[in-house]
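Please look at the sequence and the model before reading each solution.

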Amino acid sequence: MRKFKKIYVEITNICNLSCNFCPSSSLGRAKKLMKEEGFAHILKEIKPYTDHIYFHLMGEPFLNKNVDHFLDLAAESGLKVNITTNGTLIKKVKEKLLPKKALRQVNISLHSFEANDINKDLDTYVSDIANFINEATEKSDIICAIRLWNMDTEELKASNALNDDILSMLEDKLNLEIRLSEELQHKTNIKLKERVYINMAEKFEWPDMDRDIIDENVFCYGLRDQIGILVDGTVVPCCLDSEGNIPLGNIFESSLEDIIMSERAKNMYDGFSRRCAVEELCKRCGYAKRHKK
Ligand code: SF4
Ligand code: SF4
């Protein structure tokens with residue numbers, strides 16, 4: 001049986017932000033919150049296929065008020081959970097998250113702040129996140145990864161004028177003895193303390209059916225290392241198929257086994273084995289290009 005390194009589960013596609021780089025505001029999908037029965041069904045289906053769930057795809061997972069129950073259900077199934085959040089609600093969920101045994105890692109996208117007109121001040125936003133990280137390192141084994149994925153690329157200008165302020169606030173609030181802006185000149189990944197990391201990367205670009213083809217001769221780990229499950233149960237090959245452009249089946253209607261053995265899924269998988277993007281979205285995906293072999 002094929003095992004996936006990770007399975008993305010979108011526990012909601014609703015977000016409290018509208019980042020200027022995110023396709024979520026133009027999503028054609030109905031806005032939804034996953035219910036507990038739905039999540040329990042997904043767990044039963046995916047358990048033989050993975051050890052790691054990621055609460056992420058589109059949406060802000062902490063808007064789902066059942067997130068703590070989902071973590072308990074994951075623990076009962078012996079699965080570890082990684083969550084990616086924009087960090088705006090982290091203070092509200094802190095107490096219920098920290099004791100959860102299933103919670104392995106929290107990725108916090110700090111680049112969200114400047115990509116929005118957030119009606120919070122930067123100091124409060126960074127303080128809430130730093131308080132979470134400080135408590136998580138004291139009281140739990142949770143890994144915290146700060147993301148600043150807003151570096152300019154050759155083609156794209158990102159929103160990053162506040163980075164220096166954010167970095168010096170982090171130095172102060174996390175009691176760091178390093179100068180982050182200097183260290184990050186030489187490397188993009190830094191371990192800040194035990195189980196706390198920061199990662200800088202270029203502005204992220206989702207694949208887009210409306211753009212020109214980038215390349216057809218590509219390899220990708222979609223459907224090999226990972227799959228995604230949208231909030232309505234649609235199974236997609238990766239975490240980047242934000243619109244469900246490659247619907248392989250619905251986990252509330254078919255078994256995961258049948259979905260990953262379907263003709264469409266097999267064609268896509270075999271295509272990548274030949275370094276060939278069969279699906280139109282994959283021909284327009286910069287992520288695949290980066291993993292070209
Ligand atoms: S926080 Fe994430 S889901 Fe929400 S708008 Fe920003 S990129 Fe999109
Ligand atoms: S090429 Fe892009 S869209 Fe296609 S499976 Fe890979 S990451 Fe997903």
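## Exercise 1: The nonpolar core

Task: Find the largest nonpolar core and state how many residues it has.

Solution. The element that gives the most to the core is helix α4 (residues 122–139), with eight residues. Helices (H or I, at least four residues) and strands (E, at least two) are DSSP runs, numbered from the N terminus.

This is a predicted model, in which local features need pLDDT of at least 70 and side-chain atom pairs count only at pLDDT 80 or more, while totals for chains, interfaces and linings use all residues. Residues are numbered from 1 along each chain as its sequence is written, chains are lettered from A and ligands numbered from 1 in the order in which they are written, and side-chain values use heavy atoms, with hydrogens and water left out.

## Exercise 2: Helix α5

Task: Determine which residues of helix α5 are buried and what they pack against.

Solution. Begin with the helix, residues 163–173: its buried residues are N163, I166, L167, M169, L170, E171 and K173. Next, these buried residues pack against α4, β5 (143–151), α6 (180–186) and β7 (196–202). Then take L170: leaving aside residues up to four places away in sequence, L170 touches L110, V126, I146, N175, L176, L180 and I198, where contact means heavy atoms within 4.5 Å.

## Exercise 3: The shell of ligand 2

Task: Identify the residues around ligand 2 and sort them by class.

Solution. First, list the residues with a heavy atom within 4 Å of the ligand: C220, C238, L240, M268, F272, L281, C282, C285, Y287 and A288. Second, sort them: ten are nonpolar, none polar and none charged. The nonpolar class holds Ala, Val, Leu, Ile, Met, Phe, Trp, Tyr, Cys and Pro, the charged class Asp, Glu, Lys and Arg, and the polar class the others, Gly among them. Third, locate the helices: α8 (263–273), α9 (280–283) and α10 (286–290) each supply at least two residues of this shell.

## Exercise 4: The shell of ligand 1

Task: State which residues surround ligand 1.

Solution. Ligand 1 is surrounded by C15, L17, S18, C19, F21, C22, S24, G59 and N86. By class, five are nonpolar, four polar and none charged.

Definitions and conventions
Core = buried A, V, L, I, M, F, W, Y, C linked by side-chain atoms within 4.5 Å. Buried < 20%, exposed > 50% of the residue type's maximum accessible area, 1.4 Å probe, protein only.
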